[in-house]
Amino acid sequence: MREVAFIKQNKEKWLDFEQAIFGKSIKNPDEMASLYIHLVNDLSYAQTYYPKSKTVVYLNYLASQIYQKIYKTKREEKNRFIYFYKTEVPLLVYQYKRYLLYAFVLFFACVGIGVVSAKYDDNFVRLILGDYYVNMTLENIKDGNPVAVYKSGSNWGSFIGITLNNLYVGFRCYVYGIFGGIGTFWVLIQNCIMLGSFQYFFYQQGVFWESVQGIWIHGSMEIFAIVIEAAAGFILGASILFPRTFSRLNSFKIGFKDSLKIFLGTVPFTIAAGILEGFVTRYSLEMPNWLNVFIILSTLSFISFYFLIYPTIVHKKLNK
């Protein structure tokens, strides 16, 4: 590539580096480190093909300035745990927000597929959930307790077993993104079609509200977390498929680090969902309707705020 073309191709990126270096745009240490890796790659290329050019001098200067700024501005929080969830995860969610959009679009599309399939194929629910589970649920509906399955086992036993299972499902949804995102897509589509068909099954049986009470007290955070975990999986897959100006290995390292942090951001919500399912959901039909609605809306609002609204607030605060 001719030097003029190289400069033209990367000019905007280098100007962005200058903005970060000289304080005209504020970035967190991880973003600065990412910029530094970008710049080192460009510098290496320029040193190889234009060794005596002023471009090398310019890029070397920028790289040295960014290096100094990383270690000058890197924050050592007294409580790393609080900083991680208060600032680091929201900033990453904001940075990769388009992947959240992809995951939510896919979620609603696949839930819709599950609903439509259950509506027009009477055997579809049995195919997805199995005869044993469907027959058991039909018996529970006849006995006047459609969500009796959530009353099985002890509180603590249910909480531990459910939480471990949900963490495992979420981990699979995330880590399967290493297969170019296809594995994540497969895990998400399975769970979403199951959810859509399962929910429509209760609607067919005339116990839709009872199912909402039994499923969504814990499901608001559990299902929302799976969507975020899917977004993390897509980020991991994209880092392999679309390395941009990085080498594929460096792109994977950055994508893995960032996506893992987003995945870890869902863990407290998955645990909270397990607590609700183990200790609260079993009493859903005995609680007053207003309490059911309050729990469902408050949990949904909290996790929605954290992943959809709070990241923008943090980003704007750091870029004032």
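Student: Where is the place of K317?

Tutor: K317 sits in helix α12 (residues 289-318). Helices are DSSP runs of H or I with at least four residues, numbered from the N terminus. This is a predicted model, where local features need pLDDT of at least 70, side-chain atom pairs count only at pLDDT 80 or more, and totals for chains, interfaces and linings use all residues. Residues are numbered from 1 along each chain as its sequence is written, and side-chain values use heavy atoms, with hydrogens and water left out.

Student: What makes K317 exposed?

Tutor: Its relative accessible area is 61%. Buried means under 20%, exposed over 50%, partly exposed in between (1.4 Å probe, protein chains only). So K317 counts as exposed.

Student: Why are α4 and α5 called roughly perpendicular?

Tutor: The axes of α4 (residues 80-95) and α5 (residues 97-120) cross at roughly 70°. Axes are lines fitted to C-alpha atoms, for helices over the stretch in contact, and angles run from 0 to 180 degrees between N-to-C directions. Under 35 degrees is roughly parallel, over 145 roughly antiparallel, 65 to 115 roughly perpendicular, the rest oblique. Therefore the two helices, α4 and α5, are roughly perpendicular.

Student: Which residues of α4 and α5 meet?

Tutor: V93, Y94 and Q95 in α4 meet K97, R98 and L100 in α5. Contact means heavy atoms within 4.5 Å.
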